[in-house]
Amino acid sequence: MSQQTLVSACLGDMVVSISEFVGDLTVEVSKNKIIHALEKLKSDPSLQFDFLSDVVGIDNLGLHAKKAKAPKKDEPQQEAAPDAGATLPRFEVVYLLLSLSSNKRLRVRVAVPEDDCVVESVTGLWRAANWPEREIYDMFGIRFKGHPDLRRLLMWDEFKDHPLRKDYPLEGKNEERILNYLD
Amino acid sequence: MHNSELSESFDEMTSGHSTGDYVKINIGPSHPAMHGTLRVVALTDGESIVSADPEIGYLHRGVEKLGENLNYTQFIPVTDRLNYCSAICNNVSYEMAVEKLMGIEVPEKAQLVRIIMMELARIADHEVLVGILGVDLGAFTPFFYLIIQREEIYEIFEWYNGARLTNTFGRIGGLVADLPSDFETRWQKLRDGIRNANDETDKLLTHNRIWTDRTIGVAAFSPKDALDWGFTGPCLRACGVKRDLRKDEPYSLYSRFDFDVPVGKHGDVFDRYMIRMEEMEESIKIIDQAFKMYKEMPADAPLIAKVPKTIKPPAGDVYHAIEAPNGELGFFIRSDGSDKPYRLKIRPPCYMVYQAFGEMVKGEMIADMIACLSSLNVIAGELDR
């Protein structure tokens, strides 16, 4: 059985979409089922995705608008550009899983709408999620419910913004204080 | 004690304020024993550590944000600044992720040169680690033996493209330049040098009573905990888990080489040191085999695949990881079909290792904490990005 059928069979109706692109398998599950889905993937005897490689946060602001302006030619291997046409969620959290026994990888994607920026923390399943989740909170402002210590990680505590959001300018914001000091 | 209580204001920590019988101390971010810009806030009972909370971000330069604003080729020099002890591995890891996204087949000759250079970088990285670990534990001599050999490796890098540390090695799709013609004589001399230096280091350290007392059983970690915390690379192998991406998910041409994966037993500082020493010898083996294959290639074999002038990968997500000297170094790229990545996430190997630092040093002495930190090879450049 292919990996794709195994994953769909394991997750059942929790799967929102499943796709393969350049050999990487990505499955999208709904946000309120994430803990349950990851638990199942971790313990399923035929899959055993028992290692969490990383957690990635993504801000999709503007991605959809760009797509609508210049629709791409329908290349066959294109990953249905996270369902083309439909409005993309503002944020996404992607879990990079790995099975140590079969050396297969899987990405689990969760859509996070802007008005409900809270995801269940997976630190209970893998302690490895601790800093990655703190970093996503720091960089995107997505909160993780049940995280033992949700503080900023890379930026300092007094910092107000979330710099990896697409509406945060590259040159920074509110830097006048520092510039005035240099004068 | 909860972590958030530990990160109170700096003034309180430095004014000799004590919490019950414990004393809170601040180490770093600017301290000779804290490599780079690492900071640990530790609660101590006498000389033992009750709990330690690593603070990172002092070298955060927004590399991922930069990546979203540079095009695919322009980002290669930025990857040099991740793990600056082995920049070539970062370059190749990033290039391979973009190549996977675009479906580019890199010519074999270029792959062989990449492997030779990556393994040289691995040796250089491990030499720095063992040398610095010695310095931190008061053994100064091996540092000189090892650093001389590292300089010799950097001579080869410099002679290849003019840079010692920030190599900006290769391009997306292959390489620009071939190995220089007298690589063979240089490599033979260098190989003997590395083996001699490692022998000397081995004689000075491995059976040295002071060394074993300071390293055996210090900051030991169990394989179960290590996997739970997301360890990869030498720190995981020291715990006894045989996992190496070069063997388990062979990328490039690694499946063709004959080499061993050294594995430790106890996951302590001594095992992490031994793993590095043994891996250097395995890297020498790989370079020898790769160079033999390289010599059999025709002189005019292509070095770079056919790559469009502007690199515009198709829209979609990709993740590709290689075995860097510290462990799994991966790049996650979301492309929107334009010439810049829409989102670029780096998975630095020492990030996952360092987040378990507090747990690893619990109950150890302050001086052993420094030994533990050196043995993990935490590089602030890739930790903070």
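**Helix α7 of chain B**

Analyst: Helix α7(B), residues 141-161, has 21 residues, which at 1.5 Å a residue should span 30 Å, and this agrees with the 31 Å between its end C-alpha atoms. The expected span is 1.5 Å times one less than the number of residues, while helices (H or I, at least four residues) and strands (E, at least two) are DSSP runs numbered from the N terminus. This is a predicted model, in which local features need pLDDT of at least 70 and side-chain atom pairs count only at pLDDT 80 or more, whereas totals for chains, interfaces and linings use all residues. Residues are numbered from 1 along each chain as its sequence is written, and chains are lettered from A and ligands numbered from 1 in the order in which they are written.

User: Which residues of α7(B) are buried?
Analyst: They are B:P142, B:Y145, B:L146, B:Q149, B:R150, B:I153, B:F157 and B:Y160. They cover an arc of only 125° around the axis, which puts them on the same side of α7(B); the arc is that of the directions from the helix axis to the C-beta atoms. A residue is buried if 20 or more other C-beta atoms lie within 10 Å of its own, exposed if 12 or fewer, and partly exposed in between, with C-beta atoms placed from the backbone.

User: And what do the buried residues of α7(B) pack against?
Analyst: They pack against α6 (108-136) and α8 (183-205) of chain B, where a contact means that the C-beta atoms of two residues, placed from the backbone, lie within 7 Å.

User: What follows α7(B)?
Analyst: B:G162 follows, and its phi is positive, near 90°.

User: Switching to chain A, how many helices and strands are there?
Analyst: Chain A has five helices and seven strands, and buried residues make up 37% of its 183 residues.

User: What is the strand order in the open sheet of chain A?
Analyst: The five strands of that sheet come in the order β1-β2-β5-β4-β3, with mixed pairing; two strands pair if DSSP finds at least two bridges between them. β1 (15-21) and β3 (51-59) of chain A stand at the edges with a single partner strand each, so one side of each has no neighbour in the sheet. From one strand to the next, the twist averages 20°. Axes here are lines fitted to C-alpha atoms, for helices over the stretch in contact, and angles run from 0 to 180 degrees between N-to-C directions.

User: How many bridges join β4 and β5 of chain A?
Analyst: Eight bridges join β4 (residues 91-98) to β5 (residues 105-112) in chain A, and the two strands run antiparallel. A:R109 in β5(A) is the bridge partner of A:V94.

User: Where do helices α2 and α4 of chain A lie?
Analyst: Helix α2(A), residues 34-43, lies across β2 (24-29), β4 and β5 of chain A and runs at about 175° to β5(A). Helix α4(A), residues 130-140, lies across β3 and β4 of chain A, at about 5° to β3(A).

User: How many residues does each chain bring to the contact?
Analyst: Chain A brings 34 residues and chain B brings 39 residues. On the chain A side, β2, β3, α3 (63-69) and α4 each supply at least two residues, and the largest share, six residues, comes from β3(A).

User: What confidence does the predictor give the complex?
Analyst: The complex has an ipTM of 0.83 and a pTM of 0.86.
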